[in-house]
Structures are given as structure tokens and as C-alpha cells.
Amino acid sequence: MKIDVATLFPGMFDEVLGSSILGRARGKGILDAGLYDIRDFSSDRHRTVDDRPYGGGPGMLLRPEPVVACVETILAERGPGHVVLLTPGGRTFTQAVAREFAQMDHLVLVCGRYEGFDARIRQVLRPDELSIGPYVLSGGEIAAMSVIDAVVRLLPGALGDAESAALESYTDGDDLEAPQWTRPPVWRGLAVPEALTSGDHARIARWRSEEARKRTESRRRADADQGDA
Ligand code: 6GU
């Protein structure tokens with residue numbers, strides 16, 4: 001799968017794309033990642049990419065020319081792709097969206113900065129628009145990294161055997177995992193639950209599914225209470 005990123009801060013992605021599962025996916029040829037600096041597509045002498053909003057107001061907007069030139073260059077060089085603006089006003093990124101994206105050949109993630117995009121960028125590119133949650137980040141870069149990570153780990157061969165076999169909190173439905181323990185068996189007076197050391201696989205499965213249910217229920221209640229506040 002190809003994933004290209006249009007950003008003013010390509011250096012932010014180096015560590016994330018080089019490490020762990022993403023680094024390995026690139027090494028195996030599962031992920032072909034490209035970074036494009038929007039500033040390279042500015043045509044004026046000072047390489048400006050932003051300007052003040054008409055009608056006044058705080059902050060600066062991304063100008064349409066460099067953003068659209070950058071995305072059009074990506075599509076010309078790398079082929080047709082699904083263009084996504086990362087912006088706090090977008091639809092919410094969920095595991096279902098990650099699964100949808102994991103089926104695609106080519107994603108083009110466009111990171112916003114400053115106070116937003118000139119509206120003509122949307123009119124011309126007709127992009128999908130995503131937010132990673134109800135809070136404000138300084139730019140789309142960290143959101144784009146979240147999208148890349150969540151999508152690439154779904155690609156066949158991206159996870160090692162151990163990682164694939166592990167139960168994941170969000171793979172099926174929305175149930176959380178049961179809590180887990182590793183060695184030592186007792187630490188600071190805290191012991192591993194007896195069911196887990198019993199060796200009785202049916203009992204372990206029952207214990208885990210009951211704990212997962214309790215955890216999910218208490219998380220739902222806490223989320224709902226926070227929603228009320
Ligand atoms: Cl995609 N961008 C920004 N700036 N803030 C966000 C976001 C995106 N998603 C959640 N907050």
C-alpha cells in the first residue's frame with residue numbers, strides 16, 4: 001500500500017515511519033511511504049504557504065496554490081489515490097475507517113496547520129476529511145501518524161505472529177480486553193489472580209470474558225458520565 005503525506009513538517013514523520021511495526025512494514029515492502037513538503041510547492045520568492053483570512057480574524061490560513069500543487073504532484077507521480085484532509089472538523093477516525101482505508105491502494109494524507117485551509121482547497125480536491133477526536137491539536141501531523149499506524153497494522157503481514165495472535169481491544173465490536181499480568185507472580189504484595197495460574201483453560205477463558213465485560217461496562221459508564229459533565 002502507498003501512503004503519502006503532504007505536510008509543512010516532514011521531519012516529524014521520520015522516527016515514526018522508521019520504528020517498530022511501520023519500519024518493518026516498509027522493509028518488507030508492505031508499506032511504501034512518501035513525504036512531501038508543502039513548502040517545496042510554493043512559487044513565491046519567500047516560499048510562503050500561509051496568509052491572513054479575508055474578512056479578518058485570528059491566525060493564518062494555508063494558501064490554496066501550494067497545497068493543491070503538492071497534492072496534484074503526488075497524484076501525478078504516484079498514481080490516483082484517496083485524498084484525506086486531517087482537520088478537527090472532519091468525520092471521526094474509528095477502527096471501521098481504519099479497516100476501510102486498509103483496503104485502499106493509495107492514501108494521500110494532507111496535514112493542516114495554522115488556523116485551517118483556504119476553502120477552495122476543499123472545492124478543488126473534494127477530499128475526505130478526518131479528525132482523530134474531539135480535541136484540538138496544533139496541526140494534522142500527529143493525527144496523520146495515528147491514521148498511518150492504525151491502518152498499516154491491519155495490512156496482511158504487517159504484524160509478527162505474536163502480535164497477530166494477541167487479543168486486540170478493538171478488533172471485534174467495542175469490548176475491551178481483560179486486564180493481564182506477567183512475571184513476577186507477586187510484586188509489591190500484589191498477586192496474579194489465581195484463575196490465571198490455575199492451568200485450567202476453560203476457567204481462564206471464563207474469567208477473562210467476565211473481567212472484559214466488567215471493564216467494558218465501567219469504561220462505558222465513565223465515558224457517559226464525562227459526556228454529562
Ligand atoms: Cl486531524 N487536526 C487537528 N489540528 N486537531 C485535531 C485533529 C486533526 N483531530 C483531532 N484534533
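How much space lies in the second largest pocket? I found about 280 Å³ there. For this entry, a pocket is an open set of points on a 1 Å grid over the protein atoms alone, where a 1.4 Å probe fits, with protein on both sides within 12 Å along at least five of seven lines. Grid points are joined across faces, edges and corners, and the volume is the space filled by probe spheres set on the points.

I note that the model is predicted: local features need pLDDT of at least 70, side-chain atom pairs count only at pLDDT 80 or more, and totals for chains, interfaces and linings use all residues. Residues are numbered from 1 along each chain as its sequence is written, and side-chain values use heavy atoms, with hydrogens and water left out.

**Pocket lining.** I looked up the lining, meaning residues with an atom within 4 Å of a point, and found 20 residues. Leu-86, Thr-87, Pro-88, Leu-137 and Gly-139 lie nearest the centre. The lining comprises ten nonpolar, eight polar and two charged residues; Gly counts as polar, and Asp, Glu, Lys and Arg as charged. Strands β5 (82–92) and β7 (128–131) each supply at least two lining residues, and β5 gives the largest share, three residues. Strands here are DSSP runs (E, at least two residues), and helices are runs of H or I of at least four residues, numbered from the N terminus.

**Sheet.** I next traced the open sheet, whose five strands follow the order β2-β1-β6-β5-β7 with parallel pairing. Two strands pair if DSSP finds at least two bridges between them. Strands β2 (32–37) and β7 each have a single partner strand, so one side of each is left without a neighbour in the sheet. Neighbouring strands are turned by 30 degrees against each other on average, direction ignored.

**Strand β1.** I then followed β1 (residues 2–7), which six bridges join to β2. Lys-2 stands opposite Asp-32, and Ala-6 opposite Tyr-36. Five bridges pair β1 with β6, where Leu-109 is the bridge partner of Val-5. Five of the six residues of β1 are buried (under 20% relative accessible area, 1.4 Å probe, protein chains only).

**Helix α4.** Last, I checked α4 (residues 95–102), which lies across β5, β6 (106–111) and β7 and runs at about 175 degrees to β5. Axes are lines fitted to C-alpha atoms, and angles run from 0 to 180 degrees between N-to-C directions.

How values were computed. Contact means heavy atoms within 4.5 Å. Buried means under 20% relative accessible area, exposed over 50%, partly exposed in between (1.4 Å probe, protein chains only).
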